[in-house]
Amino acid sequence: MYPLICRPSVAKIFYVGYRLKEAFRVRRSDTHLALEHRCHFYAELWRDAASQLGASIEVLGNEILEIRLGQECTRVQQNSTALECEITVAVAKNKPLVHRLLAKRQLRTPNYCEFTLNEIARAADFVESVASRCVVKPANGGGGRGVTTGVIGGFSLIRAVASAAVYGNDLMVEQQVHGDVYRLLYLDGVLMDAVLRKPSAVVADGKSTVRELIRLENEARLNTGPNLAHALIVIDTDVRSTLSAQGLTLSSVPAKGTVITLKMVINDNSQQDNFNAKHLLCKSIIEDGAAAAASVGVRLAGIDVITPDPNVPLAESGGVILEVNTTPSYHHHYYKRNGSYPVAVHLLPFLLANGVAEQHTTAA
């Protein structure tokens, strides 16, 4: 137990600081430039897909593109398509609900506990009961924002809870599962692509602090454009936790050549951290991913699996299904170390041929 530390009042002090920091981050010029790169990436990939089909594109505004081929038409907005309906998106964003839906199908998920900022003692009891590192995150949302790994209690729990609370009142803490993260992309239950996603890392030059190395990495991402990465590395509680586990801080100057893992939350990783993985997955994991997508009702689904060995079933390796994502990111499928899977090229014919836009219009 952490009776003195785990008071809501203590967590709220950190919460105010993190909320101010986030408000400043979203207004930074580099944040806006990264968002512009993301917009350009999606606009170009849809134009390329349309060009290969001989389809026309009309820009409707607000980044909405209308794509036509003969009598067929569909609309897209970055990675959003007419495949997603509002209720399915709402269900997929609710992580505890997703865990419960998967459990009904006997699919493996992490042990977890739901709580709020005012119920932080519940989270502390959970961390103590599992006696292992944990992950704290917002119960609703995505993109890795507000997620902290390697939480062991005490002040690490306080900071993680306060950081997660910036993105929502409802929170959850999960037992951290050992293994690599695999993103499986499904369309109507059929596996399209799979990516092994490694955490972000930098190589020390022997003279720069870790903070400076992160700045240099972010500058490289902005200068290169959207191909290298679709997001900047945000210095958050997960960065601090990950560095601490390596005996480092943001002020450390590691020896030249040292590879430093920056954060275990993989949303901010780059092309260099992504690898083809479809050929690595056993049949059982592929079937589990399809069942997870079906249980949530997601047609174009990004299923996150954590496992130390993708060649065996999750029950055998101790792996889990971590999340079921609707409107999944396309970037790590396009940009990997060893090949590319052009999602829009494969998806657009399906959207047009099946009259997806018209179906949703009729249903409305």
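Trainee: Which residue in strand 10 is the bridge partner of Tyr-182?

Mentor: Please bear in mind that this is a predicted model. Strand 9 covers residues 180–187 and strand 10 covers residues 190–197, and the two pair in the antiparallel sense over 7 bridges. In strand 10, the bridge partner of Tyr-182 is Leu-196.

Trainee: In what order do the strands of the open sheet of 5 strands lie?

Mentor: Strands of a sheet pair through backbone hydrogen bonds, either parallel or antiparallel. In this open sheet the pairing is antiparallel, and the 5 strands follow the order 13-10-9-14-15.

Trainee: Why is one side of strand 13 and of strand 15 left without a neighbour in the sheet?

Mentor: The order of this open sheet is 13-10-9-14-15. Strand 13 (274–276) and strand 15 (320–325) stand at its edges, so one side of each has no neighbour in the sheet, as each has a single partner strand. From one strand to the next, the twist averages 25°. The reason asked for is thus the edge position, with a single partner strand for each.

Trainee: At about what angle to strand 14 does helix 9 run?

Mentor: Helix 9 comprises residues 283–296 and lies across strand 9, strand 10, strand 14 (300–307) and strand 15. Relative to strand 14, the helix runs at about 130°.

Trainee: How many nonpolar, polar and charged residues does the contact of helix 4 with helix 9 have?

Mentor: From helix 4 come Val-98, Leu-101 and Leu-102, which meet Ala-292, Ser-295 and Val-296 of helix 9. By class, the contact divides into 5 nonpolar, 1 polar and no charged residues.

Trainee: Which are the edge strands of the open sheet of 4 strands?

Mentor: This sheet has antiparallel pairing and the order 5-8-6-7. The edge strands pair on one side only, and they are strand 5 (112–116) and strand 7 (148–151).

Trainee: How are helix 1 and helix 6 oriented to each other?

Mentor: The axes of helix 1 (residues 8–25) and helix 6 (residues 154–165) come within 8 Å and cross at roughly 50°. The contact includes Phe-14 and Tyr-18 of helix 1 and Phe-155 and Ile-158 of helix 6. The crossing is right-handed. Given their angle, helix 1 and helix 6 are therefore oblique.

Trainee: What is the radius of gyration of the protein chain?

Mentor: The protein chain has 13 helices and 15 strands. The globule rule gives 21 Å for 364 residues, and the chain is close to that value, so it is as compact as a globular protein of that length. The radius of gyration is 21 Å.

Notes. Residues are numbered from 1 along each chain as its sequence is written. This is a predicted model: local features need pLDDT of at least 70, side-chain atom pairs count only at pLDDT 80 or more; totals for chains, interfaces and linings use all residues. Side-chain values use heavy atoms; hydrogens and water are left out. Two strands pair if DSSP finds at least two bridges between them. Axes are lines fitted to C-alpha atoms, for helices over the stretch in contact, and angles run from 0 to 180 degrees between N-to-C directions. Contact means heavy atoms within 4.5 Å. Ala, Val, Leu, Ile, Met, Phe, Trp, Tyr, Cys and Pro count as nonpolar, Asp, Glu, Lys and Arg as charged, and the others, Gly among them, as polar. The radius of gyration is taken over C-alpha atoms; the globule rule is 2.2 Å times the number of residues to the power 0.38. Angles under 35 degrees count as roughly parallel, over 145 as roughly antiparallel, 65 to 115 as roughly perpendicular and the rest as oblique. A crossing is left-handed if the near helix is turned anticlockwise from the far one by less than a right angle, and right-handed if clockwise.
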